[in-house]
Amino acid sequence: VKEEHASRIVVGLPLGTDGGDTTMSLEIRAFAAQLAQKTTVPVDFVDESLTSVRASDILLDRKRKSRRNKGNIDRIAACLIIEQFQRESPSPSGV
């Protein structure tokens, strides 16, 4: 947070198909609570459901090896999570 001068932390939350918590989302919430105790910046959640599937779809036009690379999928999924956060959260500065 200090190194990147982050003003907030956005955490992907893997909710169930009914929008409720899953075993993993409860673990993520516990991790985020620990994280929030160690920093002064806000920690926000974004539903990350199906971001890996959407990321894989984005990579369909790329080489087969690239499409199956979990690192590539995770990077694009992280971008999708941030984009969703930005769409859902009004910016106080109007940016």
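## Predicted model: fold, confidence and salt bridges

Across the chain the mean pLDDT is 83, and 85% of the residues score at least 70. The model is predicted.

**Overall architecture**

Four helices and two strands make up the secondary structure. Their order along the sequence is β-α-β-α-α-α. The chain has 95 residues, of which 27% are buried. Of the contacts between residues at least 6 apart in sequence, 56% join residues at least 24 apart.

**Salt bridges**

Two salt bridges are found in a search of the whole structure.

| Arginine 8 | Aspartate 44 | 2.5 Å |

In the salt bridge between aspartate 44 and arginine 8, the side chains meet at 2.5 Å, N to O. This pair links distant parts of the chain, since aspartate 44 is in strand β2 and arginine 8 in the segment before β1 (9-13), 36 residues apart. Strand β2 itself covers residues 43-47. The side chains of aspartate 44 and arginine 8 also count as a polar contact, at 2.5 Å. Beyond the neighbours within four places in sequence, aspartate 44 is in contact with Arg8, Ile9, Val10, Val11 and Phe85. Arginine 8 has a relative accessibility of 37% and therefore counts as partly exposed.

Arginine 29 is partly exposed because its relative accessible area is 33%. Aspartate 21 falls in the partly exposed class as well, with a relative accessible area of 42%, a value between the 20% limit for buried and the 50% limit for exposed.

**Asparagine 69**

Asparagine 69 sits in the loop between α3 and α4 (70-88). With 34% relative accessibility, asparagine 69 is classed as partly exposed. Serine 56 is 13 residues away from asparagine 69 along the chain, and the C-alpha atoms of the two are separated by 9.3 Å.

Key: Residues are numbered from 1 along each chain as its sequence is written. This is a predicted model: local features need pLDDT of at least 70, side-chain atom pairs count only at pLDDT 80 or more; totals for chains, interfaces and linings use all residues. Side-chain values use heavy atoms; hydrogens and water are left out. A polar contact is a pair of N or O atoms within 3.5 Å; within protein, one must be able to donate a hydrogen and the other to accept it, and residues adjacent in sequence count only if both atoms are side-chain atoms. Contact means heavy atoms within 4.5 Å. pLDDT is the predictor's confidence in each residue, from 0 to 100. Buried means under 20% relative accessible area, exposed over 50%, partly exposed in between (1.4 Å probe, protein chains only). A salt bridge is a side-chain nitrogen of Lys or Arg within 4 Å of a carboxyl oxygen of Asp or Glu.
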